[in-house]
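Subject: Handover of a structure

Dear colleague,

Please find the sequence and structure below. My notes on what was found follow directly after them.

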Amino acid sequence: MGEILHSSFRAPLWLRNPHLQTLWGPLGRKLPEVQRQQERLELPDGDYLQLDWAGPDRRPGQLTVILLHGLSGCSDSHYMRGFQKTFADAGIRSVAINSRGAKQPNDTALCYHAGETDDVDAVIEHVFHQDPTGHRLAIGVSLGGSRLLNWLAHRDSGRLSGVATVCSPLRLDICANRLDRGLSRMYRQHLIKALLENFASKKRHLDQVNPPEAKRLYRLDMTGIRSFWRYDDQIIAPLYGFRGASHYYAECSAGPRLLQVRTPTLILQNLDDPFMTPATLPRHQELGPAVTLEVSRHGGHVGFIGDADNRYWLEQRLLAFVQGYGFR
């Protein structure tokens, strides 16, 4: 079995509200400036992913940190820029994946979901083949963490030395229900609005570049979606061959599959995340031998905002995770 640790994160007294923790980054933080180079990774089905590289120039035997954003995020999300800036300043090379349609409309009807691992695998293989002598770690945030954990459980190729995830929805059904309650509904409304706007843009794009794929989207019922149960039932399930939202949640919730994880993995969660409840946290006997679950009392959703001397605790925690492997 793995282990469960109490986090060292301590929120300031005035920042212990989970919504303040959650909203500080997207609303109150100036986006870090980071020098990046873009790469277009072609996929076997005719689509592509945009990758944003940061840090030192490539050299043989180098460490690369692969970063995967959450739902409706992209490489420009505040936490992605923060990670890449922190790693670059420490001399560590990183690549941020933009999932299909995340930053701009992609060329097929597909997007991404909690159990989607084909595109994750494509990037990991791409980074490996660029430098088979190098070392690779991966960090996934929110839904991106779920994708990485599912990759570890179902198709771990040994290409990664370690993985870290942050605020991942380990039980999708519980998280969908949580987002239907209280102030958490404002996050649900924001996310669903952004996702539906992305699909509207994608339809217009596919009308021009790939009409058969546009027809796949026009056949979907995108009306009346005001919950993730409806979003996943009406969009994700038919796009990816699930029988409905319940089937998708059962197949793609990463929490029940942590016993299958064999690559060293750090899972950072907290007790006041407004996207989930403590019921999503796995028990000790549900952790694989390589898994460490680190839980804090506060932190919100991808917040972990500390005091003035350690404001962005999460970036320093993940830097310590990366540097702990001793790779450069």
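A residue is called buried if its relative accessible area is under 20%, exposed if over 50%, and partly exposed in between (1.4 Å probe, protein chains only). By this rule, Tyr 249 is buried, with a relative accessible area of 3%, whereas Trp 229 is partly exposed at 26%.

This is a predicted model, in which local features need pLDDT of at least 70 and side-chain atom pairs count only at pLDDT 80 or more, while totals for chains, interfaces and linings use all residues. Residues are numbered from 1 along each chain as its sequence is written, and side-chain values use heavy atoms, with hydrogens and water left out.

Ser 227 caps the N-terminal end of α8, with a side-chain oxygen 3.4 Å from the backbone nitrogen of Trp 229. After α8 comes Gly 241, whose phi is positive, near 85°. Among the buried residues of α8 are Phe 228, Tyr 231 and Leu 239. The cover over the buried residues of this helix includes α5 (172-178), α6 (184-209), α7 (211-218) and α9 (245-252).

The next topic is the aromatic rings. Rings of Phe, Tyr and Trp (its six-membered ring) pair if their centres lie within 6.5 Å; planes under 30 degrees apart count as stacked, over 60 as edge-to-face and the rest as tilted. Twelve aromatic pairs are found in a search of the whole structure. In one of them, Tyr 187 and Phe 275 have ring centres 5.1 Å apart and planes at 40°, so the pair is tilted. Tyr 187 lies in helix α6 and Phe 275 in the loop between β8 (265-270) and β9 (291-296), so this pair ties together parts that are 88 residues apart in sequence. The rings of Trp 229 and Tyr 249 have their centres 4.7 Å apart and their planes at 75°, so that pair is edge-to-face. It links helix α8, which holds Trp 229, to helix α9, which holds Tyr 249, 20 residues apart. Trp 229, Phe 242, Tyr 248 and Tyr 249 form one aromatic cluster.

Yours sincerely,
A colleague

How values were computed:
Helices (H or I, at least four residues) and strands (E, at least two) are DSSP runs, numbered from the N terminus. Contact means heavy atoms within 4.5 Å. A polar contact is a pair of N or O atoms within 3.5 Å; within protein, one must be able to donate a hydrogen and the other to accept it, and residues adjacent in sequence count only if both atoms are side-chain atoms.
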